[in-house]
Amino acid sequence: MGLLPLLTALWLGILTSISPCPLATNIAAISFVSYRIAHKVVVLLSGILYTIGRAVTYIVIGFLVVRAAINIPLVSNFLQLYINKILGILLILVGMFLLDLLFNIKIPSISVSESWQRKLDEIGIFGSLFLGMLFALAFCPVSAALFFGSLIPLALKANSGVILPLFYGMGTGLPVLLFAIFIALGSSHIGRMYERAVKFEAITKKVTGVIFILVGIYYVLAYIFKLF
């Protein structure tokens, strides 16, 4: 596997992390991991465990989906023949979704109540691990489109049900990890940095949407219409 799929998976995770719905869960996670601000090592470890928790969830989902698809002969043969064609169409659709050219799709999500967060707090530092795992399951339209519409097809194409979801998961937890690091280092610029991240989301979403559409068009022209 080359470097490009790994960077793509990481970027998809980062883009997911600063999208509105996952951004809300990451804000909650930052509050959760940083309330022990007097114990900076604990905050740092909590940020690391939260990121690991998210990555573990995506690895499990990615591994099950990729393994199931590859180990079913009919599905495997279909993917070998049509994965590039499917990927091109999916990239165009996801790109249009990111550019708000498609209607929003209602997707059930999993939320964590305050009582559950208190229970996780009682567990101690490993509560951050379970919080990351739970928040990773809180799929909303954008995160579902990026994960199932972009990452999974890439993982199927690369036959990577573990590595690519791992990099994606690391990307989704990166904001919380970075803020845990800044808190541990005693940075006083955390609030301003997060405001910039929120503003940056709108730009990255549009740029990624355009890139997805362009790459999707290339795949469609190359593998469906055989023009290249």
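Does F135 count as buried or exposed, and at what relative accessibility? In this predicted model, F135 counts as buried because its relative accessibility is 5%, where buried means under 20% relative accessible area, exposed over 50% and partly exposed in between (1.4 Å probe, protein chains only). Residues are numbered from 1 along each chain as its sequence is written, and side-chain values use heavy atoms, with hydrogens and water left out. Local features need pLDDT of at least 70 and side-chain atom pairs count only at pLDDT 80 or more, whereas totals for chains, interfaces and linings use all residues.

Eight aromatic pairs are present in the structure; rings of Phe, Tyr and Trp (its six-membered ring) pair if their centres lie within 6.5 Å, and planes under 30 degrees apart count as stacked, over 60 as edge-to-face and the rest as tilted. One of these pairs joins Y50 and F135, and it is edge-to-face because the ring centres are 6.4 Å apart and the planes stand at 75°. The two partners are 85 residues apart and link distant parts of the chain, with Y50 in helix 3 (residues 40-71) and F135 in helix 6 (residues 127-136). Helices here are DSSP runs (H or I, at least four residues), numbered from the N terminus. Y50 also counts as buried, at 0% relative accessibility.

A further edge-to-face pair is formed by F147 and F148, at 4.9 Å centre to centre and 90° between the planes. F147 is buried at 0% relative accessibility, whereas F148 counts as partly exposed at 40%. Both residues belong to a cluster in which ring pairs link Y58, F147, F148 and Y168.

Helix 6 also contains S128, a buried residue with a relative accessible area of 0%. When residues up to four places away in sequence are not counted, S128 touches F32, V33, S46, L49 and Y50, contact being defined as heavy atoms within 4.5 Å.

The model has one cavity of 30 Å³ or more. On a 1 Å grid over the protein atoms alone, a cavity is a set of points where a 1.4 Å probe fits but cannot get out, and lining residues have an atom within 4 Å of a point. The largest cavity holds about 40 Å³ of space, a volume being the space filled by probe spheres set on the points, which are joined across faces, edges and corners. Its lining consists of P22, T25, R54, Y58, F135, A136, A138, F139 and S143. At least two lining residues come from each of helix 2 (20-34), helix 3 and helix 6.

Definitions and conventions:
1 Å grid on protein atoms, 1.4 Å probe; cavity = no way out; pocket = protein on both sides within 12 Å on 5 of 7 lines; lining within 4 Å.
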